[in-house]
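User: Hi! Could you walk me through a structure I've just opened? I'd like to talk about helix packing and charged pairs.
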Amino acid sequence: MAKGLDVGTMNILSGRQEGAETVFVQQRNSFVEIEYSDMAEQMLSRSEVLHIRKDDKVYVVGDDALNFANIFSEETRRPMQHGILSSSESSAIPMIKLITEQVVGDPSKHDERLYYSSPADPIDSDLSTLYHEKTLESMLGDMGYNPEPINEGMAVIYSELADNSFTGLGISFGAGMTNVCLAYYAVPVMKFSIARGGDWVDEQTAQATGTPVDKVTSIKEDDFELDFQTDVGGVEGALAIYYENLLDYVIENVTKEVDEEDIEEGLDVPVVVTGGTSSPNGFEDLFADHLEDANIPFSISGVHSPDEPMYSVASGALVAARSEEEEEGGAGEDGEE
């Protein structure tokens with residue numbers, strides 16, 4: 001039984017196959033610190049709120065963290081920042097370990113195959129993803145899995161472009177980063193990340209409107225839509241402005257990287273946009289509209305967003321893990337004959 005794992009700045013998701021169904025488990029990748037008391041810990045335990053105690057503090061973790069933050073007017077803390085483990089958060093590793101254990105569960109057998117998402121190094125930042133990738137590999141190995149990193153953009157290709165022979169441009173709009181991969185028959189031709197995503201949109205909106213970041217995030221995740229109409233003033237108007245700026249920035253960098261990689265001009269490929277940041281209604285149409293004005297030296301046959309864009313990376317990681325597991329099983333059978 002193989003598994004796929006999407007380790008995102010905002011959410012951690014796992015995918016596994018149960019019969020004909022793919023089952024996903026999701027938790028928010030955040031926590032909030034509250035003062036310890038016997039009563040508080042008892043109430044958290046009775047309510048099945050995910051939490052851990054450390055000295056005189058209690059850390060509420062996962063989906064419940066945002067609720068607590070909004071109630072107590074505090075900011076959530078994140079184990080990850082800009083798509084990788086946060087260097088400024090001392091509790092990053094124990095918190096992400098707890099959340100990941102809740103999401104992925106125990107392996108069904110020792111050395112169960114698990115592919116986990118890993119971002120490419122960003123082209124617009126000095127950030128390195130190596131420490132992040134190797135730390136997750138060690139953590140998942142200690143949990144009893146046989147982990148293997150998969151590029152986040154390539155996971156999108158595996159998830160959404162099987163019907164197109166795994167050929168196309170996959171873009172994962174995450175919270176911390178935006179990951180891009182151009183593949184031709186499942187071979188990556190170009191892959192990179194950009195150090196901007198949903199967090200950047202939220203932070204800029206919060207700064208422009210004087211609204212707490214967690215409040216902006218809640219508004220964005222509730223009923224926010226991108227409908228080509230930007231109202232002046234207010235959080236939703238600011239969100240629309242910074243969303244459009246993010247799309248232009250991503251397209252500008254895609255165009256630049258395509259030119260540098262000297263991609264063949266005769267290509268005609270579909271574009272898939274996924275990730276939690278692409279969830280608002282209207283995102284797909286807005287991206288397609290901005291893409292029309294771009295000077296990309298190959299043809300775009302269409303822009304598509306899956307019904308559940310949040311699940312694409314975990315799903316693609318699962319596809320890769322199951323494929324390798326089947327190959328290893330076939331090799332074992334051949335060896336026995």
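Analyst: Happy to! Keep in mind that this is a predicted model. Let's start with helix α2 (residues 63–72) and helix α7 (residues 213–222), whose axes come within 10 Å and cross at roughly 125°.

User: What does that make α2 and α7 relative to each other?
Analyst: They are oblique to each other, given that angle. The crossing of α2 past α7 is left-handed.

User: Which residues meet there?
Analyst: From α2 you have Leu66, Ala69 and Asn70, and they meet Asp214, Lys215 and Ser218 of α7. By class, that contact has two nonpolar, two polar and two charged residues.

User: Switching to charges, how many salt bridges are found in the whole structure?
Analyst: The search finds 10 salt bridges. One of them joins the side chains of arginine 113 and glutamate 324, at 2.4 Å from N to O. This pair links distant parts of the chain, with arginine 113 in strand β9 (residues 112–118) and glutamate 324 in helix α10 (residues 312–336), 211 residues apart.

User: Is arginine 113 buried or exposed?
Analyst: Arginine 113 counts as buried because its relative accessibility is 8%. Glutamate 324 is buried too, at 19%, and the cut-off for buried is under 20%.

User: And what about glutamate 137 and lysine 134?
Analyst: Their side chains form a salt bridge at 3.5 Å, N to O. They sit three residues apart in helix α4 (residues 130–142), so about one helical turn separates them. Glutamate 137 is partly exposed at 27%, and lysine 134 is partly exposed at 44%.

User: Which residues are linked in a network of salt bridges?
Analyst: Glu33, Arg77 and Glu89 are linked that way.

Conventions: Residues are numbered from 1 along each chain as its sequence is written. This is a predicted model: local features need pLDDT of at least 70, side-chain atom pairs count only at pLDDT 80 or more; totals for chains, interfaces and linings use all residues. Side-chain values use heavy atoms; hydrogens and water are left out. Axes are lines fitted to C-alpha atoms, for helices over the stretch in contact, and angles run from 0 to 180 degrees between N-to-C directions. Helices (H or I, at least four residues) and strands (E, at least two) are DSSP runs, numbered from the N terminus. Angles under 35 degrees count as roughly parallel, over 145 as roughly antiparallel, 65 to 115 as roughly perpendicular and the rest as oblique. A crossing is left-handed if the near helix is turned anticlockwise from the far one by less than a right angle, and right-handed if clockwise. Contact means heavy atoms within 4.5 Å. Ala, Val, Leu, Ile, Met, Phe, Trp, Tyr, Cys and Pro count as nonpolar, Asp, Glu, Lys and Arg as charged, and the others, Gly among them, as polar. A salt bridge is a side-chain nitrogen of Lys or Arg within 4 Å of a carboxyl oxygen of Asp or Glu. Buried means under 20% relative accessible area, exposed over 50%, partly exposed in between (1.4 Å probe, protein chains only).
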